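This briefing goes through one protein chain by topic. Please keep the sequence and the 3D view open while reading.

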Amino acid sequence: MSIVSMLTGKCPKCKSEKIFNKQGNLLLFRIPKMNAKCENCGFLFLKEAGFFFGAMFVSYALIVAQAVAFFVMLHVFLDFNYVLTFISIILLITLIGTINYRLSRIIWIYLFYAEDD
Ligand SMILES: [Zn+2]
């Protein structure tokens with residue numbers, strides 16, 4: 001499993017086509033659209049209904065890890081007080097929500113379908 005192709009959102013089988021299409025990928029509060037299948041190898045990105053339910057747990061783990069990292073950075077290193085730290089964390093998590101959405105689905109599909117290089 002190549003971490004680079006995972007982070008760039010490439011197909012887990014052939015690693016040449018993107019899982020998400022380009023439209024609105026990084027726009028706030030707009031759900032990124034997945035391509036139905038890989039144009040190169042025909043791998044179906046959109047699996048059966050409910051397949052990406054588990055990506056919610058990956059997303060939760062990502063958000064907790066990011067919140068802890070932000071807390072350490074803001075409160076411990078930059079000496080923000082608790083209220084300012086809390087507000088900053090909520091703001092930062094909201095701003096990177098679209099990225100987390102994409103990343104959690106990519107991690108989820110790679111957990112089950114990634115092929116070794
Ligand atoms: Zn492919």
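Which protein donors hold the zinc ion? In this predicted model, they are the SG atoms of C11, C14, C38 and C41, lying 2.2 to 2.3 Å from the metal.

**Zinc site**

- The site of the zinc ion is tetrahedral, with angles of 105 to 114° among its four donor atoms.
- Along the chain, the donors follow the spacing C-x2-C-x23-C-x2-C.
- C11 and C38 link distant parts of the chain, being 27 residues apart. Each of the two lies in the loop between α1 (3-7) and α2 (55-77).
- C11 and C38 are both buried.

**Overall layout**

- Read along the sequence, the pattern of the chain is α-α-α-α.
- Taken along the principal axes, the C-alpha atoms fill a box of roughly 50 × 30 × 25 Å.
- Of the 117 residues in the chain, 36% are buried.
- Among contacts between residues at least 6 apart in sequence, 62% join residues at least 24 apart.

**Helix α2**

- The 23 residues of α2 should span 33 Å at 1.5 Å a residue, and the end C-alpha atoms are 32 Å apart, which agrees.
- A55, V58, S59, L62, Q66, F70, L74 and H75 are the buried residues of α2.
- An α-helix has 3.6 residues a turn, so residues three or four places apart point the same way.
- The buried residues of α2 pack against α3 (82-95) and α4.

- In soluble globular proteins, nonpolar side chains tend to be buried together.
- Leaving out residues up to four places away in sequence, I109 touches P12, I19, F43, F45, F51, F52 and A114.

**Aromatic residues**

- One aromatic cluster is formed by F43, F45, F51, F52, W108, F112 and Y113.
- The count of aromatic pairs comes to nine.
- F43 and F45 form an edge-to-face pair, because their ring centres are 5.8 Å apart and their planes stand at 70°, over the 60 degrees that this class requires.
- Both members of that pair are buried: F43 has a relative accessible area of 9%, and F45 has 0%.
- How are the rings of F51 and Y113 arranged? Their centres are 5.9 Å apart and their planes at 50°, so the pair is tilted.
- F51 lies in the loop between α1 and α2 and Y113 in helix α4, so this pair ties together parts that are 62 residues apart in sequence.
- F51 counts as buried at 10% relative accessibility, whereas Y113 is partly exposed at 24%. The cut-off for buried is under 20% relative accessible area.

Methods: Residues numbered from 1 in each chain as written. Predicted model: local features only at pLDDT ≥ 70, side-chain atom pairs only at ≥ 80, totals over all residues. Heavy atoms only, no water. Donors = N, O, S within 2.8 Å, 3.2 Å for Na, K, Ca; no water. Tetrahedral: all angles 85-135°; square planar, octahedral: opposite > 155°, others 65-115°. Helix = DSSP H or I, 4+ residues; strand = E, 2+ residues; numbered from the N terminus. Buried < 20%, exposed > 50% of the residue type's maximum accessible area, 1.4 Å probe, protein only. Contact = heavy atoms within 4.5 Å. Expected span 1.5 Å × (residues − 1). Phe/Tyr/Trp six-rings, centres within 6.5 Å; stacked < 30°, edge-to-face > 60°.
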